[in-house]
Amino acid sequence: MSQLNGAYYGPSVPAEKSYHRPGRGGGCGGCCGCLLKVVLTVIIVVGLAAFLFWLIVRPNKVKFHVTDATLTQFNYTGETLHYDLTLNVTVRNPNKKIGVYFDRIEARALYHDARFDTEQPSPFYLGHKSTNVFTAVFKGEHVLPLSTDQTADFKKENATRVYEIDVKMYLRVRFKLGSAKTKTLKPKVTCELQLPLEGTTGVGLFQTTKCDWDR
């Protein structure tokens, strides 16, 4: 028997390599589930903290009232309005644990949506369950072109000597809880007033009027 050599069998066959096939479902795997749980936990904790804060502090809206008003002049001739109006505004903070910084108050006087004057009372701080009174004086003359409807309203009110005047207050406030203060907020308050001209016979006195927070 002849001896066989390596050439008879041909070249050697390389060993078969094994491959690992990655599982389906992408590379996120359990990491996405963990991240989702963390996000949900944070949302629940923040929501619970906010609810507990509200439950403990129970913040209430600061209340505005125009307690006194004196209108001694309100004449409209030749598209010019001559006016003299003084208001006393009472501000009440009903909260037991929250103070309020009124950093800026811009009071605008309007006749049927037409603004005729702007005043800025002095800033103040309103402590827990406390009250402050400030005065706004609108006096002078202002060119005020009125529409046909506004002119008709003026003629009606001029006959009764009781005028519908709105005062809108644009505020910049910060709230204080303990030593912590919030960022500046910019709410608005509107006072819809029925103002009798002082000294007119048969006209009643001004009635204290509650102001409303604009939504």
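**Sheet order and aromatic contacts in a predicted model**

Me: In what order do the 4 strands of the open sheet lie?
Reply: This is a predicted model, in which local features need pLDDT of at least 70, side-chain atom pairs count only at pLDDT 80 or more, and totals for chains, interfaces and linings use all residues. Residues are numbered from 1 along each chain as its sequence is written, and side-chain values use heavy atoms, without hydrogens and water. Strands are DSSP runs (E, at least two residues) numbered from the N terminus, and two of them pair if DSSP finds at least two bridges between them. With antiparallel pairing, the order in the open sheet is S6-S2-S1-S10.

Me: Which are the edge strands?
Reply: An edge strand here pairs on one side only. The two are S6 (130-143) and S10 (209-210).

Me: Which residue in S10 stands opposite histidine 65?
Reply: Strand S1 (residues 63-77) runs antiparallel to S10 and is joined to it by 2 bridges. Opposite histidine 65 stands lysine 210.

Me: How many residues apart in sequence are the parts that the pair of phenylalanine 102 and phenylalanine 124 ties together?
Reply: The two rings form a stacked aromatic pair (centres within 6.5 Å, planes under 30 degrees apart), at 4.7 Å centre to centre and 25° between the planes. Phenylalanine 102 is buried (under 20% relative accessible area) at 1%, and phenylalanine 124 is buried at 14%. Because phenylalanine 102 lies in strand S3 (residues 98-111) and phenylalanine 124 in strand S5 (residues 124-126), the parts tied together are apart in sequence by 22 residues.

Technical notes: Rings of Phe, Tyr and Trp (its six-membered ring) pair if their centres lie within 6.5 Å; planes under 30 degrees apart count as stacked, over 60 as edge-to-face and the rest as tilted. Buried means under 20% relative accessible area, exposed over 50%, partly exposed in between (1.4 Å probe, protein chains only).
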